[in-house]
Amino acid sequence: METSLKILILSDKRAGHENQSIAFAKHLNASYDIFHVEFKTKALKLLSYLLDFMSIYTKRLFICKEISSSYDFIISAGSSTYYANKTLSKKHKIKSIALMLPKNYRFDFDYIFAQSHDNPPKKNNIIEIPANFSFIEPKQIYKPQKKSIGIIIGGDNSIFKMSIEKLKKQLDEIKKYFLDYEIAITTSPRTSKKIEELIESYEFEFSVIFSKNQINPIPDFLQNCEYVFITIDSTSMISEAISYGNSCVEVLPIDDKKDNKFYKMTKALETDGFLHIFDGKIADANKKIDFKSYAKKAIL
């Protein structure tokens with residue numbers, strides 16, 4: 001059954017959202033097409049909340065190319081996709097799946113996969129998951145020469161501003177603790193120039209400065225490293241780390257903020273044994289999430 005599944009992914013072109021949908025499809029060994037969808041205006045997005053409350057669905061609000069009725073599921077993540085998902089699934093009689101809790105819309109999709117930190121309501125169609133769906137495929141970019149650790153650096157976002165001083169202290173502590181290890185490090189698209197300069201001031205055995213070399217060695221870190229350190233700002237990178245490989249996962253706080261979704265998610269995952277929030281000490285936290293078993297719940 002899995003190999004014959006066909007999925008339509010509605011994408012808002014945000015990589016973090018689209019990748020969750022792709023991961024879901026891959027965990028089911030399903031074929032998939034990706035269609036871009038967007039509201040014609042910001043005002044129409046606001047109108048969609050009201051129309052959804054009234055159970056009124058029309059394609060006049062959004063832009064998306066025509067689809068067929070040959071799909072088993074329509075799946076999407078992100079607030080700009082949920083109304084279109086409902087509209088098209090109802091028109092073509094295709095099951096609808098929302099990834100992440102679709103706030104401001106009624107929770108009447110066929111299935112909703114909602115992260116635990118969003119405290120989703122208890123409903124038969126809502127499947128609670130610990131983190132975002134991810135699917136890891138190593139690319140053989142990084143091959144350690146001895147026992148190794150990996151460090152994954154994110155960057156500023158709407159909630160966090162990365163402290164150079166705090167990160168430097170953390171890197172110094174890590175280097176001191178892992179004297180006999182090869183250290184591999186990578187930055188990301190959101191990493192600032194100042195943080196990149198800090199990384200370059202160290203002599204790591206393997207390093208990727210993303211602004212200069214746009215490759216992704218993270219899957220190889222997860223496959224090969226005994227420990228992987230990840231800055232707390234990226235739920236997608238953390239989700240990847242706790243779903244693949246045998247690495248113990250350490251999360252690096254980048255400031256003292258605790259009243260936000262990033263910290264709440266990370267703290268919950270620490271409580272469940274998937275990771276450890278780095279505090280100058282490390283822990284053997286390498287429990288892994290089986291995302292495939294969650295995805296299968298949509299076809300049982």
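Strand 1 (6-11), strand 2 (31-36), strand 5 (73-77), strand 6 (95-99), strand 7 (111-115) and helix 9 (291-295) are among the elements that cover the buried residues of helix 1. Cover here rests on contact, meaning heavy atoms within 4.5 Å. Buried means under 20% relative accessible area, exposed over 50%, and partly exposed in between (1.4 Å probe, protein chains only). Helices (H or I, at least four residues) and strands (E, at least two) are DSSP runs, numbered from the N terminus.

This is a predicted model, where local features need pLDDT of at least 70, side-chain atom pairs count only at pLDDT 80 or more, and totals for chains, interfaces and linings use all residues. Residues are numbered from 1 along each chain as its sequence is written, and side-chain values use heavy atoms, with hydrogens and water left out.

Helix 1 spans residues 15-27, 13 residues in total. From first C-alpha to last it reaches 18 Å, close to the 18 Å expected at 1.5 Å a residue. That expected span is 1.5 Å times one less than the number of residues. Which residues of helix 1 are buried? They are His17, Gln20, Ser21, Ile22, Ala23, Phe24, Ala25 and His27. Asn29 follows the helix, with a positive phi near 55°.

Phe24 also belongs to the largest nonpolar core, which has 102 residues. Such a core is a set of buried Ala, Val, Leu, Ile, Met, Phe, Trp, Tyr and Cys residues joined through side-chain atoms within 4.5 Å. Phe24, Phe113 and Phe133 touch the most other members. Leaving aside neighbours within four places in sequence, the contacts of Phe133 include Gln20, Ala23, Phe24 and His27. Phe113, Phe291 and Tyr294 are also among them.

**Salt bridges**

Side chains of opposite charge can pair when their charged atoms come close. A salt bridge is a side-chain nitrogen of Lys or Arg within 4 Å of a carboxyl oxygen of Asp or Glu. The structure holds 12 of them. Three are listed here.

| Pair | N to O distance |
|---|---|
| Glu137 and Lys26 | 3.0 Å |
| Asp108 and Arg106 | 3.1 Å |
| Lys267 and Glu270 | 2.9 Å |

Why does the pair Glu137 and Lys26 tie together parts that are 111 residues apart in sequence? Glu137 lies in the loop between strand 8 (126-129) and strand 9 (148-152), while Lys26 is in helix 1. Lys267 and Glu270 both lie in helix 8 (residues 261-271), 3 residues apart, about one turn of the helix. Lys267 is partly exposed at 37% relative accessible area, whereas Glu270 is buried at 19%. Asp108 and Arg106 join Asp52 and Lys86 in a network of salt bridges.
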